[in-house]
Amino acid sequence: MPATVISNVRVFDGAQLGAPTTVLLHDGLIGAGPAPRAAEHVDGRGGALLPGFIDTHAHIDDAAQLRAMAQWGVTTVLDMGAAHLDATMSLKDRPGLPTLKTAGRVASGPGSMFITKMGFPASTGVTGPGDAARFVADRVAERSDYLKIIVEDPKIPGSKPLPADTVAALVTAAHAAGLCTVAHVVSIDTLRTALTAGVDIVTHTPVAGTLDDSLRHRIAESDVAVIPTLAMMDGVVHTIGGRLPMRLLSLVVPGLRMRYHHAESVVAAFAAAGRAILVGTDANSNHDSPFQPPYGQSLHDELARLVAAGLTPAQALRGATSLAADTFALTDRGTISPGSRADVVLIDGDPTRDIAATRAIRGVWIAGDRVRPEGTNR
Ligand SMILES: [Zn+2]
């Protein structure tokens with residue numbers, strides 16, 4: 001693979017853009033020292049070089065979805081639940097595609113809609129605390145990188161929630177196996193259940209109801225990170241929230257009335273507590289899901305929504321780069337420093353001033369291989 005030299009480029013260091021400099025991509029890594037003679041030269045004048053983006057919440061079942069991610073600068077994708085496990089697993093470790101990490105099959109209550117409607121096998125129903133170690137061992141055997149737990153709200157009609165003690169047992173079993181835990185939470189009460197169980201990361205943000213002081217306190221005391229998926233939550237408000245049964249139900253149970261600004265206020269609470277806020281799109285192709293954020297493109301939508309919710313542009317960018325890598329222990333990426341993976345995005349303008357600049361992509365490299373423009377050096 002030829003080396004690449006990107007010159008006159010301002011590098012995002014996690015807080016700001018530095019003075020124009022030269023970055024070497026060599027042997028798949030960010031290099032140090034002089035460039036080899038055969039290096040390809042790219043003039044980065046007027047541009048910013050960022051670590052490749054990490055989408056911390058997506059659902060991947062074919063290579064085209066990963067290629068779309070790459071075109072939008074996403075070089076690492078964390079799958080958060082694969083109904084078609086073999087198809088998803090076959091996309092791991094493919095040169096020229098984003099790195100794919102996987103949750104494998106997700107934990108839910110026996111008979112949940114993830115099993116009855118979304119294609120997960122009956123064995124992914126966890127029958128009680130005593131079944132937690134078996135479930136985690138199954139995920140380890142299928143080479144899952146972390147554990148995803150669905151925490152459902154008993155107030156939602158048709159839900160089959162895992163009891164709180166089963167959620168806690170899953171967290172304990174996952175930690176014993178060296179896996180971190182990601183909990184799907186949909187409401188204030190499920191957020192509380194997940195925090196009580198000691199999960200490492202929560203994903204989604206409640207759109208009905210507001211945080212009380214005890215929950216704010218608990219967020220401040222914990223070390224929990226959040227993947228808000230704001231684009232998805234807006235989709236949920238417009239699809240599920242607009243359906244007649246839900247509108248009628250929310251008349252009877254006012255706490256169920258859905259508002260997008262509730263999700264933004266949860267993001268603000270996590271930010272005020274100093275917790276890590278990660279960028280995840282929930283891009284998916286499941287037509288039983290309330291909304292299908294487009295692969296790759298929606299990462300830029302999510303960045304803009306996080307800024308609209310009160311994050312600084314640099315904070316939002318960290319949530320798609322260094323903070324995402326730290327939270328998921330992806331120690332070889334997330335920053336542009338010698339020895340880290342040569343996953344980089346070259347854009348026009350200054351995204352620390354205007355987050356919309358992330359969409360103006362000039363080039364994307366995965367492990368030093370230029371993938372945008374498509375087919376450049378392959
Ligand atoms: Zn999802």
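Angles under 35 degrees count as roughly parallel, over 145 as roughly antiparallel, 65 to 115 as roughly perpendicular and the rest as oblique. I put this down before looking at any helix pair.

**Entry: ground rules.** I am working with a predicted model, in which local features need pLDDT of at least 70 and side-chain atom pairs count only at pLDDT 80 or more, while totals for chains, interfaces and linings use all residues. Residues are numbered from 1 along each chain as its sequence is written, and side-chain values use heavy atoms, with hydrogens and water left out.

**Entry: α4 and α5.** I looked up helix α4 (residues 132-141) and helix α5 (residues 164-176), whose axes come within 8 Å and cross at roughly 45°; the helices are DSSP runs of H or I with at least four residues, and strands are runs of E with at least two, numbered from the N terminus. Axes here are lines fitted to C-alpha atoms, for helices over the stretch in contact, and angles run from 0 to 180 degrees between N-to-C directions. α4 and α5 are therefore oblique to each other. I then noted which residues touch, taking contact as heavy atoms within 4.5 Å: Ala132, Ala133, Phe135 and Val136 in α4 meet Ala169, Leu170, Ala173 and Ala174 in α5. The residues of this contact are eight nonpolar, with no polar and no charged ones, where Ala, Val, Leu, Ile, Met, Phe, Trp, Tyr, Cys and Pro count as nonpolar, Asp, Glu, Lys and Arg as charged, and the others, Gly among them, as polar.

Entry: Next I followed strand β1 (residues 4-11), which is joined by four bridges to strand β2 (residues 21-26) and runs antiparallel to β2; two strands pair if DSSP finds at least two bridges between them. Thr4 has Leu25 in β2 as its bridge partner. β2 is in turn joined to strand β3 (residues 29-30) by two bridges, again antiparallel, and His26 stands opposite Leu29 in β3. I found that β2 and β3 form a hairpin with two residues between them, and that Asp27 in the turn has a positive phi of about 55°.

**Entry: the sheet β6-β7-β8.** These three strands form an open sheet in that order, with parallel pairing. Its edge strands are β6 (53-58) and β8 (99-102), each of which pairs on one side only. I recorded four bridges between β6 and strand β7 (residues 74-79), with Val77 in β7 as the bridge partner of Asp55. Helix α1 (residues 63-71) packs on the sheet and touches β6 and β7, its direction making about 135° with that of β7.

**Entry: the sheet β9-β10-β11-β12.** Here I read four strands in an open sheet with parallel pairing, in which β9 and β12 (225-227) are the edge strands. Neighbouring strands are turned by 25° against each other on average, direction ignored. Five bridges join β9 to strand β10 (residues 181-185), and Ile150 has His184 in β10 as its bridge partner.

**Entry: aromatic rings.** I searched the whole structure and noted one aromatic pair, where rings of Phe, Tyr and Trp (its six-membered ring) pair if their centres lie within 6.5 Å, and planes under 30 degrees apart count as stacked, over 60 as edge-to-face and the rest as tilted. The rings of Tyr146 and Phe328 have centres 5.3 Å apart and planes at 65°, so the pair is edge-to-face. Tyr146 lies in the loop between α4 and β9 (147-151) and Phe328 in the loop between α13 (322-327) and β13 (344-348), so the pair ties together parts that are 182 residues apart in sequence.
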